[in-house]
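This report concerns one structure, shown below with its sequence.

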Amino acid sequence: MNEFELIRHYFHHHDQGALLGIGDDAALLQPTPGAVLAVSADMLVAGRHFFADADPFLLGQKALAVNLSDLAAMGARPRWFLLSLALPQADPDWLRRFSQGLFSVAEQYETALVGGDTTRGPLNLSLQIIGEVPAQLALRRDQARPGDDIWVSGMLGEAAAGLRHLQGEWRLPAPQADIALARLHAPQPRVALGLALRGISRCAIDLSDGLLGDLRHICERSSCGAELYWPDFLRSSVLQVLDEAARRRCMLAGGDDYELCFSAAPGQRAQIEALGRQLQLPLTRVGRIVRGNGVTLLDADRRPIPHHLQGFDHFDSP
């Protein structure tokens, strides 16, 4: 099977919403009038972002889900994506399973593959995603303001606990391991939440590298600081089998959560709580934006908790 047969056989689906999709030198896309484009790219490298023997179906799902999470953090509606693949070989069974996983997520979020590239090489996946959002409603990292509440969605730390379980750092009991590994291998992008936050929040980020590291990006872009109230965090039952230091490391610096962290004025609390009930998704107020810089972790008496935790960094982390 040559490159073009591979594309035709496994990746040539209906190009939903594209004037011209796969098969030409470039796709032709027509944005919705009144919307601006939100564009993001992510690369997943075997041995760095996933194990080389990962289930290709789950890998296909995750590859698109983590890109959709970036659009969710902007309050953008997904429309199209591009996929570039480096493959050691054109394994039909691997390609079939990978494409099935990929398109299962694409269909769920009504986004279409409209182009990309394939080549031979070490296993590497690169996706570019394109969405739309009214410019005045986009959620941006530079829009946090002192006095805003800080919220997070979902349960933090479960995916990180699952990764360390696989790496042998600790062994989770069967029920907790199943939940943690599902969160690691099949993250759920919070697209519905991002869309619902339009007009409620001004500022959001998706949590891919750990809350402490990602929240610092908001602080830097918004020229502010943040206080996090450790006792207010929602704790997953998965993490109850770990000691306090391990729980803190997973929840604050573990990465792979793909939840949203967002800020909003205190007057929006009731609306956000109602939104959590509507989406059946925990939304937890964990701190506030303050004047200054950096992120401070506080105990029940609002005293700083000393720690050396940082978010994941591809060049500083092992």
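## Cysteines

In this predicted model, Cys219 has a relative accessibility of 4%. Cys219 therefore counts as buried, because the cut-off for that class is under 20% relative accessible area. Cys250 is likewise buried, at a relative accessible area of 1%.

A disulfide is a covalent bond between the sulfur atoms of two cysteines. A search of the whole structure finds 0 disulfides. For Cys219, the nearest cysteine sulfur belongs to Cys224 and is 4.5 Å away; a disulfide would require the two sulfur atoms to be within 2.5 Å, so Cys219 is in no disulfide. Cys250 is in no disulfide either, and its nearest cysteine sulfur, that of Cys261, is 18 Å away.

## The sheet

Four strands, in the order S3-S6-S4-S5, form an open sheet with mixed pairing. At its edges are strand S3 (36-45) and strand S5 (112-120), each of which pairs on one side only. From one strand to the next, the twist averages 15°.

Strand S4 (residues 77-87) and S5 run parallel and are joined by 8 bridges. Leu85 stands opposite Thr118 in S5.

## Helices on the sheet

Helix H2 (residues 56-74) packs on the sheet, where it touches S3, S4 and strand S6 (124-133). The direction of H2 makes about 35° with that of S6.

Helix H3 (residues 92-108) also packs on the sheet, and its contacts are with S4, S5 and S6. The direction of H3 makes about 165° with that of S4.

How values were computed. Residues numbered from 1 in each chain as written. Predicted model: local features only at pLDDT ≥ 70, side-chain atom pairs only at ≥ 80, totals over all residues. Heavy atoms only, no water. Pairing = 2+ DSSP bridges. Helix = DSSP H or I, 4+ residues; strand = E, 2+ residues; numbered from the N terminus. Axes fitted to C-alpha atoms, helices over the stretch in contact; angles between N-to-C directions. Contact = heavy atoms within 4.5 Å. Buried < 20%, exposed > 50% of the residue type's maximum accessible area, 1.4 Å probe, protein only.
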